[in-house]
Every structure is written in C-alpha cells, then in structure tokens.
Amino acid sequence: MDQNSLLFAILLGAPLVGFFINGLNFRSHNSKLSGSIATGAAIISFIAAALLVKELIHLPPEARQIKSSFFSWMAVGDFSVDAAFLVDAISAIMILVITGVGSLIHLFSVGYMAHDEKPAKYFAYLNLFLFNMLLLVLGDNLLVMFVGWEGVGLCSYLLIGFWYTDPAKAAAGMKAFITNRIGDAGFLIGIFILFLTFGTVTFTDLLSRLPSVAEVGWTGPITLASLALFIGATGKSAQMPLYVWLPDAMAGPTPVSALIHAATMVTAGVYMIVRLSGLFVLAPNAMLVVACVGAFTALFAATIGLTQWDIKKVLAYSTVSQLGYMFLAAGVGAFGAAMFHLMTHAFFKALMFLGSGSVIHAMHEEQDIRKMGGLRKQMPITHATFFVGWLAIIGFPMLSGFMSKDEILWKSYSSSAGHPLLWFVGVVAAACTSFYMTRLMALTFWGGSRVPKETHPHESPPTMTIPLIVLGILSLVGGWIGIPHVIGALIPGHPENYLEHWLAPALATVPMEEGSSILEFSLMGISVSLAAIAAWFAFDFYVVHPERPKAVAAWFGRFYEAVSNKYWVDEIYQARIIQPIVDGSKALWAYVDVGFVDRLTYFASDVVLGAGGMLRSMQNGRTQQYALYIALGLAITIYWVLVG
Amino acid sequence: MPSIESLNQIGLNHYLALSAIIFSFGMIGVLMRKNVIVMLMSIELMLNAVNLSFIAFSNFTANLNGQIMVFFVMTIAAAEAGVGLAIAVMIYKKFKEINIRYFEQLRG
C-alpha cells in the first residue's frame, strides 16, 4: 500500500474505528472518554486530510487528482465498480471542511453533551456520520457516492431523533428520512439514466464520454439525468419543494444541527452538482431550473426566517436560504462561487449554530428568543463570536460571507446563463437575511433582558468556546482566499482569487461576460447598502423601538400571518399529498389487501388444510389399519404384476 | 389306504394353493382379530405359508436355496414372536387386557 492509499485509509478509517469503539460501548455514561475518542478520531482524520491536500498541492494544476482503489466492489459482465476514492480540487475543499469543522463540532459536543444520558451513542453516530460524509465526497464513482449519500441520511435520521422518547423529535427524524427518501429516488433514477446512456458510473469516465455540444429541449438523456439528480439534491440540500424536513430537523442536539444540517450534509447536493458540472453545463434547461429553484428558495426561506421565534428555526431557514444561493450559483454556471459559498457558509453557519447551542445550554434548553435578550453581558465570548458570524452572513465588506455572496450575485448577473432578475431576487433575499439576522442578534444578545428570573445564564466551558473562537476567526478571514478581482486590484500586493485558480481545472465553465468593474462595484454597493438598511431597520425595530414590530406586523395583516405560518406549506403538504396517500393506502388495505389478497391466501390455506384433514385420518395410529394398507398395497401390486 | 402313486400326483400347484389359502387365513386373522396373541399366531401362519411355498419350490426344482431360506425365516419368526410377546406382556401388565388398540399408546 503506497503512501496515498494509507492516507485515504486513515482519513476514512479513523472515524469508522471511533464509531466501533463508541458503538460497542454504547451504554457508557462517560461523556469525557467517549467524547475524547470521537474527537481524537476526527482530528486524526483532519490531519490525514491535510496531508492528502498537501500532496495534491505539489502536483501540477492539470493533474491534481489522487486516486486510490481499495478493492473491486462488484463485477457483472463488462460492468465493474471499484471501492475507489478520488481527491481532486473540489473534494479537497470538502474533506478539509468536513474534518476541520467536524473536529471543532466534536470538541464542542464534549461540553454540550456533558450531562446527557447516552453520550457514547451520540459520539458513535457523529463519527459514523463523518465516515459516510467522507465516503460521499471521496467516492470516485456515483455508486460509492450513493452509499455515502444514504449513510449520511441514516445518521441524520438517528441524530435528529436522538432524544427519541419525545414523540415530536422522533417524528421529526422520520420526516427527514422520508423526505430524503423521495429525493434519493430521484438521485437513483439519475444514476440509472446516466448508466443507460454512457455505460459508466465513474466520474472521470463519465465526463470524458460526454458529448461536446449542449442538449436542447427537455427530454434528452442529459437533461433528464440532470433534473433527476437535482431532485436528489433538493431532498438532501433542503430546496423547494423538499425543504420542509430541515426546520424540523432542529429537534436534534444543536451540534448536530451545526455539523449535519448547516455545514456538511446539506451541502452534499451542491457538491454533487459541482462534481458533475461537466454534465450540467450540457443541459441549459436543467441549469435554468436549478438557478430558479435556488433563487426562489433563497427568497422564500429568508422571508419565513423574518418571523420565527425559535433561535434554531431562524438559523434553519437561514440555512435553507443560503443553500438556495449555492444552487443559484451552480445554476448560472458559477460552480466555483457555489463551492466558495459552501465553504464560508460552513464556517459562519456552524459558528452561529454552535453559538446558539451555547445560548441554549446557558438558558437551560430554552430556545424562544422572546425569553432572551441582553445576553451580551453574561456571555461575552459567545456574543463576540456570534457577532462575527452575524457580520459574515449579512455580507459586511471583506468578511467571508461578503466575498462569496457577492461573487454569486455578480455571477448571477453577468453569466450568460444568468439574468438580472435572478440577481434581483438574490439581493432581496440578502436584505431579508440581513434583517432577520440582526433581529436574532438584537433579541438574543442586545437590548433589555427578558430572561425569566429562575434562569441564570452563564458563559459556556472552554471546550465549547474554543471551537467558537476558531470558527469566528475562520469566518473573518476564510473569505480571503477568494477575493474578487475588482477588490484585489485595489489592495496593495494585488492578491488573486486563489480559490478560483485552485478550482478552475476541475470545473466546467459557461461563458461569462467580462462586465466592467464599475458595474460590479455598483451592484456590490447596492446589495451592501440594502443589507445595511435592512440591518438598521431591524436594529431600530427590536432595540430602539421594541413596540414597533407589532404595529408593522398588523400593517401587513394577512401577509404577516401567511409568512409566520411558513406559508402553510406543511399544512398544504399534509392536506394535498400526505392525506390522500394515507387515504389511498387505507383504501388499498381495506379493498385490495383484505378483500382480494387475503381471500386468495385464505382459500389456498383452506384447500391445504382440507386435504391435510382427509389424509390425517389415514394416520390414526391403529396398527391393524396400517396392516390393511399393506395388504391392499400387496393386492394391488399382485393385480398389476399378474393382470396389468 | 392311498398308495404312494397318489401322493405323486400332488404337484407344485397344489402346494402353492395350500400356501396361498393358509396365507390368506393368516392375513385375515391379522386384520380382523383384536387379541394380540391370536394376531401373533396369525402372523406365524402367514410365515409358515411362505415357508411351505419355499419348500415346495425347493423340492420341485431340486435346488436347496429355498430350504436354506426357510431356516432364516424360522429364526426371524422366533425372534419376532419373542419381541411381540414381550410387548404383549407389558401391555397386559398396564391395561389388564391384550387388545390391539392399546398398541396405539406406543407412539413416541
């Protein structure tokens, strides 16, 4: 086994070993021990990932690919699939984010789960998740990716329903699982179409067999495959119309929300589209669908976020909205920008989720921001880091969120696959984001305290604040590897857009207009000033004039009601989709199953029983009767021999 | 007094017919009678009917194989009678009667 294979084995094996150690010892109550094992496994994995990426950097840009085949998974006729792994420019970013942010969240969990009853089980699941997520991003073919894809879904389900004695939380887990199942069906169909058309499931083979001209229309195999894969992505990455599971997924422990439902798993759909960028650019119609769904989800979820009162629900809708941005970027062909936003979002959203976890921990499991306020004084470190995350997500200039979001907005305007309307939707969503995030900050940390008297908030222990600080620093400076050209030109030393150079050889491109830098600056100015105005409004509403939001809400009337009830999407799904399916299933059960299938089987069993009853009377234990059978048999044989 | 010549007129078929008649009597006894002792006796009848046909064949074909076979049959008949009577004795000890229907109790 050469050195790279060994690194792959350590990278994937460490979390798996951690899972087995904690999983076999799942009754342990020792959160320090199990937490240390799990965190250690994550850190070992991170070191292996870093070494692997170092190897990758030393290769020339066009050949930045390290492959390692472990064993032949299946071989059927001409078709064979290896358990093979591939790290290239795209998955390098992913493995660093997964293991890096993952390690920090493991560390945070040690403090967060200190008082839990089954910490070993929790850490076992967390490590299993890391393993599956790495499988997803490292797979060198669609099938290995699919195994990881399903595996992270399973871990997500297990961790959302981790406190399964609460029926609501168990139901949230099932909702996530079933919604993901719908998407996974699309993903599988996409794989089938690709295999049928190109006869391979390996990424490199697939991309080399693609035709060179884009497909026109809606019914070509590439467009259909892209759309089917995108359905899978909407399930995993919580986009319209399958986003409904993510807000409910907040029932899980908060570090899980940070790791799975903000930083890593939900970005799997974006990663998959970026990985198959060569396929998607050949299906302009599918790209248009991706961009529109992304933009619409970004705005839709952001408006819901405006009215939520649960700290984690706000962040959940924010995550849906930010994922919408990534799909918008992927849809207009800015795959690099999508990866960039994926990375920065992993930093600041993990930071904010962990910060909210720190707050919830301090507030003794209280999540309603109406019962918070003024926590700035009691929790200075959490506040400071959350503040950085807030600046990053609303797009404060030069922070990570600004870099990636404005690159997306600029590309959605300037790309040949983009449209000013997409840009406009993105900017409005950015303003909404700025408003609800400021509202969250104001209600949680600023203003007067509304904390109940019996609660005494306190700053969290170091195992929880250290990850916050590290993620805070990353949110501050993480964007500097992708400074836009127009800004880089103004800074001394002219730093380039390193990320774009890094990713360029691995990505397909669509033609981009070389817009003037004045246009880019003015668009940037519009989005930043709109976000600033929205933030100022929110500050004014919730800190300076706390009585105003109610008046504004009353002014919006029905519209406010619709938004605060999440547009009744869950209710509509319940009434229009779930209930008909349940009714239909009941009808099938009552008429087809009971009336037809059961009758058929009962008839068959009656026949067998009747025949058995007749034959049973022959075997009654009466010796003389047996002797009679022998005699009859003899008589028949003699008759046959003599006469027949 | 019948002469030796009249004995010579008895052919193979006569012996076989006698054997078949005795065998049938034995079989009817096994099938009809309830008393185990009588049934055992009927089995002996059947076995000896078979022995008779063996001997007859042996005599009429000048071949000793049939007579050898008869010794085996007699040995087995003796063993079978021993086992059968032993079981019959046990049944009698338990039920104070020797009826074939009590043999239903022998199932394991």
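Predicted model: local features only at pLDDT ≥ 70, side-chain atom pairs only at ≥ 80, totals over all residues.
**Notebook: two helix pairs and a chain contact**

I started with H15(A) and H20(A): Phe347(A), Phe348(A), Ala350(A), Leu351(A), Leu354(A), Gly355(A) and Ser358(A) in H15(A) meet Met464(A), Pro467(A), Leu468(A), Leu471(A), Gly472(A), Leu474(A) and Ser475(A) in H20(A). I sorted the residues of this contact by class and got 10 nonpolar, 4 polar and no charged.

H15 covers residues 335-362 of chain A and H20 covers residues 462-477 of chain A. Their axes are 9 Å apart, and the packing angle is about 150°. Angles over 145 degrees count as roughly antiparallel, so that is the word I wrote down for H15(A) and H20(A). I also noted that their crossing is left-handed.

Then I moved on to H13 (residues 284-305) and H19 (residues 420-444), both of chain A. At what angle do their axes cross? I found roughly 25°, with the axes coming within 8 Å. The cut-off for roughly parallel is under 35 degrees, so H13(A) and H19(A) get that label. H13(A) passes H19(A) in a left-handed crossing.

Which residues make the contact? On H13(A) I listed Ala291(A), Ala295(A), Ala298(A), Leu299(A), Ala302(A), Thr303(A) and Gly305(A). On H19(A) I listed Leu422(A), Val425(A), Gly426(A), Val428(A), Ala429(A), Cys432(A), Thr433(A) and Tyr436(A). The class tally here is 11 nonpolar, 4 polar and no charged residues.

Last, I checked chain A against chain B. I found 7 residues of chain A in contact with 7 residues of chain B. The chain A side of that contact has 3 nonpolar, 3 polar and 1 charged residues.

Note on methods: Residues numbered from 1 in each chain as written. Chains lettered and ligands numbered in written order. Nonpolar A, V, L, I, M, F, W, Y, C, P; charged D, E, K, R; others polar. Axes fitted to C-alpha atoms, helices over the stretch in contact; angles between N-to-C directions. Helix = DSSP H or I, 4+ residues; strand = E, 2+ residues; numbered from the N terminus. Parallel < 35°, antiparallel > 145°, perpendicular 65-115°, else oblique. Left-handed = near helix turned anticlockwise from the far one by under 90°.
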